[in-house]
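Points are grouped by topic.

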Protein chains: 2
Amino acid sequence: MVEALPPASQWITVLGLLAGVLTTLSFLPQVLKAWKSRSTRDISLGMFLMFCTGVFLWIVYGVLVADIPVIAANVLTFLLAATILILKLRYH
Amino acid sequence: MVEALPPASQWITVLGLLAGVLTTLSFLPQVLKAWKSRSTRDISLGMFLMFCTGVFLWIVYGVLVADIPVIAANVLTFLLAATILILKLRYH
């Protein structure tokens with residue numbers, strides 16, 4: 001049975017993908033909370049302005065180095081974080 | 001003067017570093033806001049639980065693949081995001 005396990009490098013890749021999925025999808029509960037409560041007073045505008053700018057630069061970086069996982073993860077993160085930014089500006 | 005400019009690959013690296021600095025330091029305004037206001041009602045507990053877990057996995061991934069920039073960026077991000085999580089649990 002041990003022979004059927006993937007090599008260590010594959011487990012490391014799975015770990016990295018899991019890390020990326022968690023950090024990207026983590027913004028979804030905040031989108032849903034802000035959307036439902038229509039209250040964003042405690043959310044920092046500075047955080048989401050900096051974060052969206054940084055994630056946009058990650059996308060540009062991913063395009064320039066032709067890294068599909070970096071592009072994909074950051075496009076999704078950008079959509080979620082920009083939604084929080086818009087809700088912050090609307091319900092501040 | 002044009003010859004003094006670094007090659008394109010160096011500009012791309014600078015862009016990636018700038019992206020990393022922005023996304024990492026973006027959590028600082030949220031730490032300061034939550035700390036000063038002692039109010040975290042609008043912050044999603046689910047977001048910061050998922051995000052801290054994901055960033056912790058990024059640190060483990062960085063250690064396993066011996067990637068110093070991944071380790072450094074994520075250790076700092078973890079410290080800031082975990083502080084927000086603690087403030088959320090304290091002032092919920």
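How do the residues of the lining of the largest pocket divide into nonpolar, polar and charged? The lining has 24 nonpolar, 14 polar and two charged residues. The model is a predicted one.

**Largest pocket**
- The volume of the largest pocket is about 1400 Å³.
- The lining comprises 40 residues, and those closest to the centre of the pocket are A:W58, A:V70, B:W58, B:V70 and B:N74.
- Both chains take part: α1 (8-25), α3 (45-64) and α4 (68-90) of chain A, and α1, α3 (45-64) and α4 (68-90) of chain B, each supply at least two lining residues.
- With eight residues, α1(B) gives the most to the lining.

**Helix α3(A)**
- The end C-alpha atoms of α3(A) are 29 Å apart, which agrees with the 28 Å that its 20 residues should span at 1.5 Å a residue.
- At the N-terminal end, A:S44 caps the helix, with a side-chain oxygen 3.3 Å from the backbone nitrogen of A:G46.
- Just after α3(A), A:A66 has a positive phi of about 55°.
- The buried residues of α3(A) are A:M47, A:F48, A:F51, A:C52, A:G54, A:V55, A:L57, A:I59 and A:G62.
- These buried residues pack against α2 (27-37) and α4 of chain A, and against α1, α2 and α3 of chain B.
- An α-helix has 3.6 residues a turn, so residues three or four places apart point the same way.

**A:F48**
- A:F48 lies in helix α3 of chain A.
- Its relative accessible area is 2%, so A:F48 is buried, the cut-off being under 20%.
- Leaving out residues up to four places away in sequence, A:F48 touches A:F27, A:I43, A:A81, A:I84 and A:L85.
- A separation of 7.6 Å is found between the C-alpha atoms of A:F48 and A:A82, which are 34 residues apart along the chain.

**B:S26**
- B:S26 sits in the loop between α1 (8-25) and α2 (27-37) of chain B.
- B:S26 counts as buried because its relative accessibility is 0%.
- A polar atom of the B:S26 side chain lies 2.8 Å from the backbone oxygen of B:T23.
- Apart from neighbours within four places in sequence, B:S26 is in contact with A:M47, A:M50 and A:F51.
- Of these contacts of B:S26, A:M47 and A:F51 are among the buried residues of α3(A).

Note on methods. Residues are numbered from 1 along each chain as its sequence is written. Chains are lettered from A and ligands numbered from 1 in the order in which they are written. This is a predicted model: local features need pLDDT of at least 70, side-chain atom pairs count only at pLDDT 80 or more; totals for chains, interfaces and linings use all residues. Side-chain values use heavy atoms; hydrogens and water are left out. Helices (H or I, at least four residues) and strands (E, at least two) are DSSP runs, numbered from the N terminus. Buried means under 20% relative accessible area, exposed over 50%, partly exposed in between (1.4 Å probe, protein chains only). A polar contact is a pair of N or O atoms within 3.5 Å; within protein, one must be able to donate a hydrogen and the other to accept it, and residues adjacent in sequence count only if both atoms are side-chain atoms. Contact means heavy atoms within 4.5 Å. On a 1 Å grid over the protein atoms alone, a cavity is a set of points where a 1.4 Å probe fits but cannot get out, and a pocket is an open set with protein on both sides within 12 Å along at least five of seven lines; lining residues have an atom within 4 Å of a point. Grid points are joined across faces, edges and corners, and a volume is the space filled by probe spheres set on the points. Ala, Val, Leu, Ile, Met, Phe, Trp, Tyr, Cys and Pro count as nonpolar, Asp, Glu, Lys and Arg as charged, and the others, Gly among them, as polar. The expected span of a helix is 1.5 Å times one less than its number of residues.
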